[in-house]
Amino acid sequence: MKETLAIANSPMMWVLSVAIISVVIAQVLIFYRLAKNFVRETNLLTDDEVGKSLRIGVIGTLGPAVAVFAIAVALIAQIGGPLTLARVGVIGSAAFEMIAAKLGSAGTVATPAFTPDMLAAAAWVMTLGGSGWLIMVLLTTKKLDSFHETAQKSNPLIIGYMSTFTPFVIFFTLTYKEVGKGLTSPTPTSGPLAAVIAGAAVMYAIRVMSARNASMKWMKEWAMGFAVIAGMLAGSIVG
Amino acid sequence: MNSERVNKFNKDVHFWGRLTIVIALIMALCIPSYLTFVRGYVPSTENIVAGLVAVAGFVGVVWVVEPISYFPVLGPAGTYISFLSGNIGNMRLPVIAAAQSALDLEAGSKKAEVAGIFALVSSVIVNLIVLGAVVVAGQIIVNAMPASLLSSFNYALPGILGAMLVMYASTIKKEHTLMLIVLAAAVIAAIKYSPMFLPAKVATLIIMGDVGVVAIFAIVFSLTLAGRDGKPVKTDK
């Protein structure tokens, strides 16, 4: 186990994992440039709108990013820093990688039987397992895009409906799962339910206020931040 | 808007999106390859196959369903970015939705797509910075943070989800919102009780892919409803 972690945290492993993360960084920088040039040449969005979008990305990500802290720390203890960085930074959700590491190492991860061979097995399974998504994206995205375009031309309602109905249903299902997780856990808690209600109430209040009073419009940009804080407060108090 | 410029943009998005994903696929293989072929830790093939079969049983449906069901919101560039960096349901979808809502953009429009790219770019960077902090000093930070503060972050996602539901419910017509809730609840219930009428293996697959499966129903519902409503002047937004 000790020897295994020494290998998992060896310098070469760090180099490889940083290399993988650089692909992710390079990708977003490329898309940033593409979008920026496109906007400059077409005036599709104002500078203000671009700035707002960038800020919303930051505001909306901080809370959930810190939320994976605990599980990421647990994962580091089990499979080392580099593999955690590489796996959670790419395609990953810490939760999926935790399970994949366990399945890949025949359940030995975090036990004395976690030999270097098992580490290699876990690395293979996590990597190949995560590749499923990427391969599907490679195969389908362009086709979906042309379908999208055809649909837009033939009946704009399709896109209007699809791009609001689908996320609503996705968020509805995720909410059901989060609330259910709390209520059916060994120590039942309605914390998540309270957090959902608090987030919803905050969003509702912001929408009403900014519709009534133009000077409150800036609140919409911070809505996610307020919803996260409200959720954390309500959840902690009730849960 | 210049349609040639739009076409060029779309082409660039697919070119760079696919290229970066192919490179990421290759790079990701470096770590296990290094362990096995350079350091000589050769795991038994059975271990890998058994692990992969287990993983496929756990996320197999998700691989197929997610890229399709998230596409209407993520758009092409958003799909390439989101699937490479992960954390779609809890970070990427919400920031795209929030940007559309804060800027009053029509979902599915080019404006919404491009604003979403900017939101995703900063979302991924922030995510990586936080992850970097965890990797460098995770244990120290966890020890320094009061346990109650740390556990309160578990309620960040539910808070966001509540906000998202209100946001979409206020852009979708009331009767459609009701129909969607009924539809989603029915599919969720069917998935939950699927072990009673489906073989265990199939049921597990569907249960694991539940979010995507429900979303597929929403896509089909959108198509049917749009077909029925024809081409009216007013859309939902």
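Predicted model: local features only at pLDDT ≥ 70, side-chain atom pairs only at ≥ 80, totals over all residues.
Residues are numbered from 1 along each chain as its sequence is written, and chains are lettered from A and ligands numbered from 1 in the order in which they are written.

**Figure 1. Overview of chain B.** The model has an ipTM of 0.90 and a pTM of 0.89. Chain B contains nine helices and zero strands, where helices (H or I, at least four residues) and strands (E, at least two) are DSSP runs numbered from the N terminus. The C-alpha trace of chain B spans about 65 × 50 × 45 Å along its principal axes. Of the 237 residues of chain B, 49% count as buried; a residue is buried if 20 or more other C-beta atoms lie within 10 Å of its own, exposed if 12 or fewer, and partly exposed in between, with C-beta atoms placed from the backbone. Among contacts in chain B with a separation of 6 or more, 66% join residues 24 or more positions apart; two residues are in contact if their C-beta atoms, placed from the backbone, lie within 7 Å.

**Figure 2. The contact between chains A and B.** Chain B contributes 135 residues and chain A contributes 134 residues. On the side of chain B that touches chain A, the elements giving two or more residues include α1 (3-38), α2 (45-85), α4 (110-144) and α9 (210-229) of chain B. The most residues on this side, 26, come from α2(B). By class, the side of chain B that touches chain A holds 93 nonpolar, 30 polar and twelve charged residues. Here Ala, Val, Leu, Ile, Met, Phe, Trp, Tyr, Cys and Pro count as nonpolar, Asp, Glu, Lys and Arg as charged, and the others, Gly among them, as polar.

**Figure 3. Helix α3 of chain A against helix α6 of chain B.** The axes of α3(A) (residues 47-67) and α6(B) come within 8 Å and cross at roughly 145°. Axes are lines fitted to C-alpha atoms, for helices over the stretch in contact, and angles run from 0 to 180 degrees between N-to-C directions. From α3(A), G63(A), P64(A) and A67(A) meet A156(B), L157(B) and I160(B) of α6(B). The residues of this contact comprise five nonpolar, one polar and no charged.

**Figure 4. The two domains of chain A.** Chain A is assigned domain 1 (1-152) and domain 2 (155-239), with bounds from an automatic or database domain assignment. The domain centres, taken over C-alpha atoms, are 25 Å apart. Nine residues of domain 1 are in contact with nine residues of domain 2. On the domain 1 side, α3 and α7 (116-154) of chain A give two or more residues, and α3(A) gives the most, with six. This side of domain 1 has three nonpolar, four polar and two charged residues.

**Figure 5. The largest nonpolar core.** A nonpolar core is a set of buried Ala, Val, Leu, Ile, Met, Phe, Trp, Tyr and Cys residues joined through C-beta atoms within 7 Å. The largest such core has 164 residues, and those with the most contacts inside it are A72(A), L119(A), A122(A), V169(A) and A163(B). Its largest share, 17 residues, is from α2(B). Not counting residues up to four places away in sequence, A122(A) touches I79(A), A101(A), G104(A), S105(A) and V109(A). Both A72(A) and I79(A) are among the buried residues of helix α4 (residues 69-79) of chain A. This helix is followed by G80(A), whose phi is positive, near 85°.

**Figure 6. The surroundings of P67(B).** P67(B) is placed in helix α2 of chain B. It counts as buried because 26 other C-beta atoms lie within 10 Å. Leaving aside neighbours within four places in sequence, the contacts of P67(B) include W133(A), M136(A), V137(A) and F83(B). The C-alpha atoms of P67(B) and F83(B), 16 residues apart along the chain, are separated by 7.9 Å.

**Figure 7. Two loop residues of chain B with positive phi.** N87(B) lies in the loop between α2 and α3 of chain B, and its phi is near 55°. N87(B) is buried because it has 23 C-beta neighbours inside 10 Å. D104(B) is placed in the loop between α3 and α4 of chain B, with phi likewise near 55°. D104(B) has 13 C-beta neighbours inside 10 Å and therefore counts as partly exposed.
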